[in-house]
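Here's a protein chain to explore. Take a look at the sequence and the structure first, then we'll walk through it together.

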Amino acid sequence: MQKKQTTDKHALYLSSVQDPVSDVERISKIYSELFSKSAKSFREDFSGTFALSCCWVQSGDTRTAIAIDIDKETIEYGVNNYLKNLSSKEQSRLKTVVGNAITETSLVDIIGVFNFSYCLIHKREQLLDYFKKCLSSLNEQGMIILDIFGGSDSEILEIQEKDIDHHPAISPFLFQFERKSFNPITRISNYGIHFIYPDGTKLMDSFTYEFRMWTITEIRDLLEEAGFSKSLVYWEDFDDEGFGNGEFYQTEKEENSINWNAYIVGVR
Ligand SMILES: C[S@@+](CC[C@H](N)C(=O)[O-])C[C@H]1O[C@@H](n2cnc3c(N)ncnc32)[C@H](O)[C@@H]1O
């Protein structure tokens, strides 16, 4: 197949930073370890194109998902490019909402907030309020799961790069995640995602984010204050070259490193 230089930013993003099949496996495993049963209902807040929710409903005949994003174009992309590839039964178990995740109240087993979307909430009071709403939207055996990154290099201006060459239809390209600013007083950081083809064609700032870089401790304190019974941290292990290897384990003590990734789970 002829590989093409697509300008489809969502397709490039999916190949670069998302692995929804593995995410579903990891989330399912954490839930069943905590509650000794399989999770059924999943709510993807700040869902983007909701590839994760699509994989969720495909991972079990009774599994349901609700995906919420405030941006209509983003939800429509997911509907036209991912949802349409599901069977009609799978589609019937997935609901999409163009709306504000902060005010969503649908009752579920798991709420997932990925690619650091809660960092779009900058005020402590607002994040606390969101976590309270999440708690009241969880079934009795329910959990919220968030991802987080940090490390000694996470507060300096840098461009992280990754060669992406595994996609069957898209030409190989370079993925860049640029930290453009970090204000140590507010902990507000500005990021840009760029895609660069070997011939020099550049798609700069395909996505931009203004994140407040919350710490693990702050998030856990807020979950506790919101009323979650406990919170757990799952740390990503490293491969021989020091990169995250996709394996996560629960822990309470780690050495800092240049860059690390983790999940925080709040248990209702
Ligand atoms: C960092 S992206 C993450 C997308 C997706 N969760 C992922 O893992 O790739 C943040 C998303 O949140 C959406 N968003 C921002 N504010 C929102 C809000 N208040 N409610 C719902 N979605 C929101 C944006 O449109 C964007 O798609």
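Among contacts in the protein chain between residues at least 6 apart in sequence, what percentage join residues at least 24 apart? The figure is 66%, where a contact means two C-beta atoms, placed from the backbone, within 7 Å.

Keep in mind that this is a predicted model: local features need pLDDT of at least 70, side-chain atom pairs count only at pLDDT 80 or more, and totals for chains, interfaces and linings use all residues. Residues are numbered from 1 along each chain as its sequence is written.

On overall shape, the C-alpha atoms of the protein chain fill a box of roughly 55 × 50 × 35 Å along the principal axes. Of the chain's 268 residues, 30% are buried, meaning 20 or more other C-beta atoms, placed from the backbone, lie within 10 Å of a residue's own.

The chain splits into domain 1 (9–150 + 214–267) and domain 2 (158–212), with bounds from an automatic or database domain assignment. Their centres, taken over C-alpha atoms, sit 21 Å apart. Domain 1 puts 11 residues into the contact and domain 2 puts in 14.

There's a ligand too, with 17 residues around it; Phe46, Gly48, Asp71, Ala101 and Asn115 come nearest. Being near here means a C-beta atom, placed from the backbone, within 6 Å.

Here are two sets of residues by class.

| Set | Residues by class |

Notes
A residue is buried if 20 or more other C-beta atoms lie within 10 Å of its own, exposed if 12 or fewer, and partly exposed in between; C-beta atoms are placed from the backbone.
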